[in-house]
Amino acid sequence: MHTVLQRIYEIGIVPVIAIDDAALAVPLGKALAAGGIPAAEVTFRTAAGEEAIRQIAAGCPEVLVGAGTVLNVEQGRRAIAAGARYIVSPGYNEELVAFCQEQGVPVLPGCVNASDMTRAVNAGLEVVKFFPAEQSGGLAFLKALAPVFPKLRFMPTGGVNAQNLLEYLRYERIVACGGTWMVKKDLIQGERWADITRICQEAVQSMLGFSLHHVGMNCADEADAMRTADAISACFGFSQKSGGSSLFVDTCVECMKAPFRGTHGHIAIGVNNVDRAVYHMLQQGVRFDEGTKKTDDTGRTKAIYLADEIGGFAFHLVQK
């Protein structure tokens with residue numbers, strides 16, 4: 001996947017912005033980044049859109065800025081010249097798609113039917129915009145159509161909000177979701193940057209969905225692991241399941257058959273998407289041990305350890 005599209009996937013949420021005053025673009029970009037969503041799809045629906053892209057590209061280099069509602073090649077050329085890293089259009093325009101491909105800039109044309117998706121696949125596109133998502137049948141419609149195009153992935157936009165965000169993102173064919181709820185016009189015009197940052201933070205936490213998965217106990221050897229597991233089972237009536245290196249008591253305690261990571265043991269944190277969690281935690285300065293990464297057959301990360309212990313425990317992320 002193109003590096004820009006990969007970053008969109010890791011960020012997970014793309015604010016779709018209609019801005020009327022380009023002077024507000026940089027503080028808006030900084031508010032988004034502070035909230036953990038360093039991305040912006042600035043639409044060409046307003047006269048200030050092009051200049052807003054230019055301002056964010058120059059003043060907020062940490063923000064992945066793109067242009068939305070791009071209708072033709074001329075707008076695409078202006079958007080790229082202003083600093084747009086990707087182009088989004090509401091429908092499928094073959095000339096615009098070809099132009100962006102010539103420029104090496106990812107383009108996500110709007111596709112809501114089999115004909116448009118067929119064009120996208122034949123053009124070699126990796127990701128398209130599913131727009132307007134809710135009004136076109138939502139996730140149920142997308143799940144019915146997507147299997148016909150197994151290599152195509154989607155960015156739903158239109159009707160996506162804080163309430164249905166997770167439902168969309170749980171579908172593995174979704175790269176990210178576009179939305180406006182954190183960048184409503186009254187928030188931007190009122191320069192309510194702290195509110196925008198807070199809403200973004202809430203969206204990121206909801207998207208990642210951190211929760212305790214299990215606790216790993218370091219035991220001296222297999223016999224010690226069996227004694228420990230038996231004692232826990234006797235107290236709480238939990239069942240046991242033996243594996244190669246450990247005994248699981250129910251799903252909440254892992255008794256290691258030999259000392260393992262962590263001074264006292266390890267703690268597994270479940271998350272909705274490990275790749276996204278790693279990206280967002282890296283932005284906060286958390287370090288990871290890349291040598292512990294485990295991936296599935298699609299290349300997505302399903303488990304990885306943090307590089308540093310916390311309170312004598314090793315921590316790792318696991319896919320829910």
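Buried here is under 20% relative accessible area, with a 1.4 Å probe and protein chains only; helices (H or I, at least four residues) and strands (E, at least two) are DSSP runs numbered from the N terminus. Being a prediction, local features need pLDDT of at least 70 and side-chain atom pairs pLDDT 80 or more, while totals for chains, interfaces and linings use all residues. Numbering starts from 1 along each chain as its sequence is written, and side-chain values use heavy atoms, leaving out hydrogens and water.

After helix 2 comes Gly 36, with a positive phi near 90°.

Leu 28 and Leu 32 are also among the residues with the most contacts inside the largest nonpolar core, which has 82 residues. Such a core is a set of buried Ala, Val, Leu, Ile, Met, Phe, Trp, Tyr and Cys residues joined through side-chain atoms within 4.5 Å. Helix 10 gives the largest share of this core, eight residues.

Then there's the open sheet: eight strands, ordered 10-11-12-9-13-16-15-14, with mixed pairing. Pairing takes at least two DSSP bridges between two strands. Strand 10 (240-242) and strand 14 (288-295) are at the edges with a single partner strand each, so one side of each lacks a neighbour in the sheet. Strand 14 runs antiparallel to strand 15 (residues 301-306), joined by four bridges.

Conventions: Buried < 20%, exposed > 50% of the residue type's maximum accessible area, 1.4 Å probe, protein only.
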